[in-house]
Amino acid sequence: MLIVVCIKQVPDTTQVQIDPVTNTLVRDGIPFIVNPYDTHALEEALRLKDRFGCTVAAISMGPPNAEATLKKALALGADHAILLSDRVFGGADTLATSNVLAAAIRKLHAEVDEVGLVLCGKQTIDGDTAQVGPGIASRLDYRQLTLVDKIVDLDFTAKKIRVSRKLEGRHEIVEAPLPAMLTVVRELNRPRYPKVQMRLAAAEAVVEVWNNKTLQLDEQKIGLKGSPTWVSKIFSPDRIKGEILGDGYADPAGAAALLIDKLMAKDMLPL
Amino acid sequence: MTPNPFIFAPLLLASLAIFAWGCWKRLSLISLGQPEERFDNIGTRVGDMLRYAFGQKRVLAKPFGFNHFIIFWSFLILMIANTEFILNGLFPHTIKLVRLPFELYVPLAFMIDIASLLALTAVTVAALRRVFAPPYPEARTLDAFFILGMIATLMLASFTLNASDLAAYMFHSGADPVSFLATARKIMPVSALLAGQLPPLQLETIHAAAWWAHAIALLTFICYLPISKHMHILTAIPNCFLHRLEKPNTQPREVFTVGNRFGVGSVDRYSWKDLLDSFTCTECGRCQNVCPASITGKPLNPRAVIHDIKVNLLENGAALKKGAAPQTPLIGEAGEGSVSAESIWACTTCGACMEACPVLIEHMPKIIQLRRHLVETEVEFPEELLNLFENMEGRSNPWGIAPSERTKWCSQLDVKPFDRDTTEYLFYVGCAGSFDSRNKHVSVAMAQLLDKAGISWGTLGKDEKCCGDSVRRLGNEYVFDKMAKENVATFIERGVKKVITQCPHCFTTLKNDYRQYGLELEVIHHSQLLRNLVQDGRLVLDKTTEEMGVTVFHDSCYLGRHNDVYDAPRAVIEAATGVAPAEMERNRNNAFCCGAGGGRMWMEEHVGERINLTRVSEALEQKPDTICVACPYCMTMFEDGLKDVKADNVKVRDVAEVMAEALFR
């Protein structure tokens, strides 16, 4: 059984600034990281590998330097790492991206092993659309289970999965047949730290690159040409100064209680 | 008469065989260790051996050490007497000291007699101490009492033997007992005193009994030595010769190529010298009595770590020699012979154990090696370290703050970038000085002081990266290696030669650790620089500050014990306040850690009393208004500790802040 994890190289957004003139991200000198939600997806795949002995393939669409992200996946224990990289893939929106990723998953299914699960982070921290995972599920006609914070039950022989979804203020337990696409939240697990041996091996490993010659996709459905959305403007919204609640000096316990109430009301405290 | 070579010779041969077998069985295990160079600078090594082994320098650092000094030197002197005894046993009546020229014999006999008395007294005192006031509770071992008892038996037998010899000579020669004994007392005071008390008719029986008692005690001792902690009399002297000449706080590098192993997960991964250390431990317990972890009730006990390495080696030695897998795990909860992960993570790497060890055992590097195995091979470490490791690797600072914020501390100041042509010093601010809100004040004070003294300095600004101290001490050598290589490349590229640091951790890493990467920097801690600037008249204090009140100074482990900087920070405080700071009970090389070293800064402290609270209470005994520190970690630990004991009327100030107070207020 093959588990495919979709990961993305993103700029460390806490360090990103927006150029006020061009309204684009200033990416110079900003380090790239693995999209944090994707690290939880990868971790879950690796845990399933430890438990069931399935094979894990990490795939990523991006420029050639996204290889580093895939090497991190190899260092953590992924069996296959495939970079989907081609100039014609560039400039893609979520629709075009999901077309490429879905095609790669189809190819893995045909050539490596039967795909049981596709795991994605709930969204990326650069685009924050949360559309690519569901897009892949639609293209592949897989069941989609979004915002998963726990895999309650998984049976590869009966081809069934039961998960807990973290929704606003509640949890939902749902069951679906396999193959399924899951998008995951941070509460799902704690990503592991790589062993040095594995890092060294990953550094020497060759990441397989698939371009459009490999995938043979209609150029009208990928990249800029296949993207019905375009970015007209990016800007940081002005911050409005918040209200001051309670008196932290005179009554710290009361202020803390107010804060907790506020956070609970806004569903910002994980329960 | 008594010595019968036909009985004694086979017994001696058998004992020597058992001794040799015992030594071989243990010492041959040392060859299982990894290679390590310990034979450089022979001259220094011989000097250190004379100082530490024969001069007993460290032993004498504690009052009770004098007792051991007596035993050690008596032992050396009595080697002459024992050699005579053995030769006499093999060839009776042929080899006797008494046949030496009178001028040589008299002082020798006198020395032996007195040494025996001193040794007897010393072992009695040692036994009493062990009963009534042992160095640590578990020190009352059968092993210890047996050894002391054997030494006492040897001394008593030897007195009786000499006394019966004297008495026999007196009766056979027909000399006047009173004048004979009076003369004899000048040569062998104790034996002569005893000779007068022996019954003349049983002299031969007494002589025979004493001779055989001595013989049996001596031979038993020879057989027992290699399997007891008394083995140290064989290993301590070479161990002092072989000690690491550089301060052992700088751990050796690892080579990161596929197929290598990292850290120490089984005992044969230690170096041969590490294994020799384990056979050298005398179980004196001085390390555990100064260890901040042991004292505050953590599971770590440095003596036990060394002991467990020895036990592990003995238990797994046979298997390892055959190339088989070890049975007893080196890291684990298996009891004796295994070091628990919890104790491995409790170490603050303060180096107090190594400073206290009389035979120069290197405890701390062994613990780091175990950490390396846990981090790099097993990936098993306290969960709070996961964030630290990722922050250090991803953003090159412990908190994971965006590197673009590294220069925020100096946003109100005119700070020049370091340039090899226009600035002399690089001020390497460090992560705490750049990001920690309290320690930013120290950076600002330093910047003002440097400008005031007219120093030509600059910073690397946003290009400054973390030195990697914490990850190295935590055993994440892989990440340290990456960080070190990156920093070394930057320093070389930017032409950095002289560096000022305000953090002892940056100080030691840049000064000592980066030397392993071929980078020789002139690194100066800000306390040293400020002291020099005052001495050279570049910082002129026309008044002292009274703002600080009574000050007490806390030594940072990485400045003091690890780099021998003790006077500079005290001189700065004295220059600024007009008074030398008060001293805590444990100060300078005996100072007690704040609890933050060795990466403990980033870990929770759940077990036992908190180390920083212990140190805060000690500081408060001096009734200070200000606790002075020279390290950002110590700053944090003291500020937190003072809040916890509700003593935040006491201030914590870095030496630079004290100096700035005197100059600018």
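The legends below describe close-up views of a predicted model.

**View 1. Domains of chain A.** Chain A is assigned two stretches, domain 1 (2–221) and domain 2 (242–271). Their centres, taken over C-alpha atoms, are 36 Å apart.

**View 2. Domains of chain B.** The assignment for chain B gives domain 1 (5–241), domain 2 (267–378) and domain 3 (386–664). Between the centres of domain 2 of chain B and domain 3 of chain B the separation is 30 Å, taken over C-alpha atoms.

**View 3. Contact between domain 2 and domain 3 of chain B.** Here 20 residues of domain 2 of chain B are in contact with 23 residues of domain 3 of chain B. On the side of domain 2 that touches domain 3, at least two residues each come from α12 (292–295), α15 (352–356) and α16 (363–378) of chain B. The most is given by α16(B), with 6 residues. By residue class, this side of domain 2 has 10 nonpolar, 5 polar and 5 charged residues.

**View 4. The open sheet of chain B.** Four strands of chain B form an open sheet with parallel pairing, in the order β2-β1-β3-β4. Strands β2 (457–458) and β4 (522–525) of chain B are at the edges and have a single partner strand each, so one side of each lacks a neighbour in the sheet. Strand β1 (residues 425–428) of chain B pairs with β2(B) in the parallel sense over 2 bridges. B:Tyr425 has B:Trp457 in β2(B) as its bridge partner.

**View 5. A helix on the sheet of chain B.** Helix α23 (residues 526–535) of chain B packs on the sheet and touches β3 (498–501) and β4 of chain B. The direction of α23 makes about 80° with that of β4(B).

Methods: Residues are numbered from 1 along each chain as its sequence is written. Chains are lettered from A and ligands numbered from 1 in the order in which they are written. This is a predicted model: local features need pLDDT of at least 70, side-chain atom pairs count only at pLDDT 80 or more; totals for chains, interfaces and linings use all residues. Domain bounds come from an automatic or database domain assignment. Two residues are in contact if their C-beta atoms, placed from the backbone, lie within 7 Å. Ala, Val, Leu, Ile, Met, Phe, Trp, Tyr, Cys and Pro count as nonpolar, Asp, Glu, Lys and Arg as charged, and the others, Gly among them, as polar. Two strands pair if DSSP finds at least two bridges between them. Axes are lines fitted to C-alpha atoms, for helices over the stretch in contact, and angles run from 0 to 180 degrees between N-to-C directions.
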